Amino acid sequence: AIYLINLKGEVIIYRSYRDDVSRAAADAFRMQVLAAKEFRSPVQVYEKASFFHIRSSNVYLVAATRENVNAAMVFEFLFQLVGVFKSYFGGTFEEEAVRENFPFIYELLDEVMDFGYPQTCCADLLKTFIMQDGQAMNPAAFKVATSIAPQVTGAVPWRREGIRHPKNEVYLDVIENVNVLVSNKGTVLRSDVTGEIVMKTFLTGMPECKFGLNDKVMMETEGKRQKDSTDGSIEMEDVSFHQCVKLGKFDSDRAVTFIPPDGEFVLMKYRVSDSINLPFHISPVVKELGRTRLEVNVKIRANYKSVEGINVIVRIPLPPNTAKCTTTTVAGKAKYEPETSELVWRIRKFPGEKEFTLSGEVEMAARIEDKKAWSRPPISMEFQVPMLAASGLHVRFLKITEKSNYNTIKWVRYVSRNGQYLHRI
């Protein structure tokens, strides 16, 4: 069964796929989990039934079963169900949207699951036959309707046949989040890159795409690895793919082969933890001059060369009893924000291999109750560096084959941005 419960504990939607879990069983879950203030496990067992729950905005999505099911599959289904609801309701999923679309949500719940077995959570496919607004059935729509069953039950449910585009284009975005923690002595304590490859395809027919990366295992398989270690290959970890990727071929020859959905989708996610090219180097010096004065000196150096960073923000924490802050810098603007007790330094454009310095003096109010020493939180950075892959990942080739043998325009873009980019002071 699937329950949608609001923050008050009221069951808004209840859909039972079998008769083994009753609506009354939700009351035990509601009293034990939702009414409890302390943290609870996302999996609970009441009345011999297992309850799995997640929260989206002000709605709890709860799946209940008496069978011994794969918990990871249940949570993946619930998160994908939230994605389906958001795609229909304009990017948000809240209690108000649920109350305004009772019949529509029940219709969706009937399609995404059958007798307790997940069927399809592909929003693009569901939108071909479940529409929010009614429409007259014309001959073209009738052709689409008659081809729905093969799509839902066939080998390629994420792409319907007969798609045509006047211009065949593929956009490939490599988006990487850089996570780093540096000690106050400049030693890198932890660094990794979590990335995803986002594709937007406008291709006619049923094309097959194949693309290769400078993955270490893939290049060794192809025999392109040189004797030295300067071949530019990287070692990817925790790789996950969109359902369209043929995993058998990836396991055998590390080639990413797939028939893409039409439109935008996340093709793969990965993590790289070795040989990270950090975009920025921070050199902070924060001196406490007595109880009421502080001296701040921060240098930021760009480690990249031929590209330019944009919207760079450096957040320098200051003591909560800061009364006045005077700063000087040649680049960007610096401002003290008392709400967060931070000195925020904003630089719109940061050219490669440049170094900028911020210096400032801080005056603090002496208070009797300030007995504890200042904890010195770390400096954090926000940034975007277009056309830079901090992990060293590189798309080596992208091949598209289709029976009509048309020409395709391909665009590849790299973006490195901040994850948790921290430097202790």
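Residues are numbered from 1 along each chain as its sequence is written, and side-chain values use heavy atoms, with hydrogens and water left out. Because the model is predicted, local features need pLDDT of at least 70 and side-chain atom pairs count only at pLDDT 80 or more, whereas totals for chains, interfaces and linings use all residues.

The protein has nine helices and 23 strands, where helices (H or I, at least four residues) and strands (E, at least two) are DSSP runs numbered from the N terminus. Of its 425 residues, 45% are buried, a term that stands for under 20% relative accessible area, with exposed meaning over 50% and partly exposed in between (1.4 Å probe, protein chains only). The protein exposes about 23100 Å², of which carbon and sulfur atoms supply 49%; these accessible areas come from the Shrake-Rupley method with a 1.4 Å probe, and for residues only the protein chains shown count as cover. Among contacts (heavy atoms within 4.5 Å) with a separation of 6 or more, 69% join residues 24 or more positions apart.

Strands are said to pair if DSSP finds at least two bridges between them. Strand 8 pairs with strand 9 (residues 188-202) in the antiparallel sense over 14 bridges, Val170 having Thr201 as its bridge partner. These two strands form a hairpin with five residues between them, and Gly186 in the turn has a positive phi of about 90 degrees. Strand 8 also pairs with strand 23 (residues 409-423), in the parallel sense and over 13 bridges, with Val180 standing opposite Tyr421.

Leaving aside neighbours within four places in sequence, Ile197 is in contact with residues including Leu172, Val174, Phe211, Leu267 and Leu393.

Elsewhere, four strands form an open antiparallel sheet in the order 14-15-20-17, with strand 14 (280-289) and strand 17 (322-329) as the edge strands, each pairing on one side only. Within this sheet, strand 15 (residues 293-302) and strand 20 (residues 355-364) pair over nine bridges, and Phe356 in strand 20 is the bridge partner of Ile300.

Ser56 lies in strand 4 (residues 49-56) and is buried, with a relative accessible area of 8%. Not counting residues up to four places away in sequence, Ser56 touches Leu61, Val82, Lys86 and Phe93; of these, Val82 is 26 residues away in sequence and 7.4 Å away in space, C-alpha to C-alpha.

As for the cysteines, a disulfide is a pair of cysteine sulfur atoms within 2.5 Å, and by this rule the count comes to zero. The sulfur of Cys121 is 9.2 Å from the closest cysteine sulfur, in Cys122, and is therefore too far for a bond. Cys244 is likewise in no disulfide, the nearest cysteine sulfur, that of Cys209, being 8.5 Å away. Cys121 is buried, with a relative accessible area of 17%, and Cys244 is buried at 3%.
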